[in-house]
Amino acid sequence: MTVLEPQSGPVPPPSERRVSVVIPARNEVGSIARLVGAVRAQAQGAPAAALARSVAGVALEVIVVDDGSADDTAGVAEQAGARVIRMQGGGNPAAARNRGAAAATGDPIIFLDADCTPAPGWLAAFLAAHDRGELIVGGSLDLPPGLPSAARCDYYCGWYLVHSRRPAGYVPHHPPPNLSVRRDAFRSTSGFSERAPLGYTNEERAWQGELQRQGHRIYFEPRARTFHHNRPGFGNLLRRNYRWGYTALEAKSGSRAARLAWLYEHPQLLIAATPLLALAHTAYIVGLWLRAGVTEPIAMLPAILASRVAYVAGMAVGGTRWLRRRGTAAPASNPRWQ
């Protein structure tokens, strides 16, 4: 487990607000410069049309944590103006986020994935929510134009609860790709779960559960929009949903940072009900998108069902392995998901 010790860094002038944006990245040489530029434009150097929606008086610290890239992601990010932290090995985005948070000198810390692009007004919406007293703020993940069909389906399967058409309000959980938290609050927790297999999926639930047990709540702010560029390929769709399911029971039952958290106190029942869960979850996802006025998921119904079958298969396999080692000294498995 990473110890989130604060590290020294340049001190901003007293009149200047400092915000840290932490971006874990692995083999993102083709897009990392564009992302760093889009983040920096939120506070400075924005195009004329966007100046009214940028944030004055804010110094942005963009921290790219290179998670063992085989390409020149780190060098390109530095050239684009980011502060770069290089990790050895790689393949643990939770550890990368923790390293970035420990090095951050700004407050709040905004976690942003490398496959995201923030929309105009993104930073301003986060800061406005924090200024109203919110400790943890989750932003929305919207569908960018031009994605191939399988990538759009993957988007619909993953982000049906956090898109910008959903109303603002308090939620029991928010995923890490677009998430802001006050620095001292985050550092008071154990941070993202780095232990396999949680280091790759559902890694945020532990620290969110810690803060919620302290009486804090997560606020969903749909105006803090970013576009999420899901990876193409039907195989990627199945693998991604399998690994989400693989860690679901362990992460949700332990943290209770989940919708219908009481259900995860009965993991054996959920494993037994996986065939029904696949059908019910398919209907739930499509129904939520229809309620939001998005009809394309109807045409993708077979692929969405396949993704739910992959999800519940992962839940059955991962949940069973977790139950067998729970309460013992048996090491956790480390699936090769790279």
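Mentor: Let's start with strand β1 (residues 17-25): eight of its nine residues are buried, so the rest of the structure largely encloses it. Buried here means under 20% relative accessible area, with exposed being over 50% and partly exposed in between (1.4 Å probe, protein chains only). Helices (H or I, at least four residues) and strands (E, at least two) are DSSP runs, numbered from the N terminus. Before going on, keep in mind that this is a predicted model, where local features need pLDDT of at least 70 and side-chain atom pairs count only at pLDDT 80 or more, while totals for chains, interfaces and linings use all residues. Residues are numbered from 1 along each chain as its sequence is written, and side-chain values use heavy atoms, with hydrogens and water left out.

Now the neighbours of β1. Strand β2 (residues 58-67) runs parallel to β1, joined by nine bridges; two strands pair if DSSP finds at least two bridges between them. In that pairing, V22 sits opposite I63 of β2. β1 also pairs with strand β4 (residues 109-112), again in the parallel sense, through three bridges, and there S20 faces I109 of β4.

A103 is 81 residues away from V22 in sequence, yet their C-alpha atoms are 9.4 Å apart in space. A103 belongs to helix α3 (residues 93-103), and A103 is buried, at a relative accessible area of 1%.

For another covered strand, look at β9 (residues 218-228), where eight of the eleven residues are buried. Strand β6 (residues 136-142) runs parallel to β9 over seven bridges, with G138 opposite F220 of β9. Strand β7 (residues 169-171) is antiparallel to β9, with three bridges, and G169 also stands opposite F220. Then there's strand β5 (residues 116-118), which pairs with β9 in the antiparallel sense over three bridges; C116 is opposite H228 there.

So what does β1 look like, put together? Strand β1 is largely enclosed, with eight of nine residues buried; nine bridges tie β1 to the parallel β2, and three link β1 to the parallel β4.
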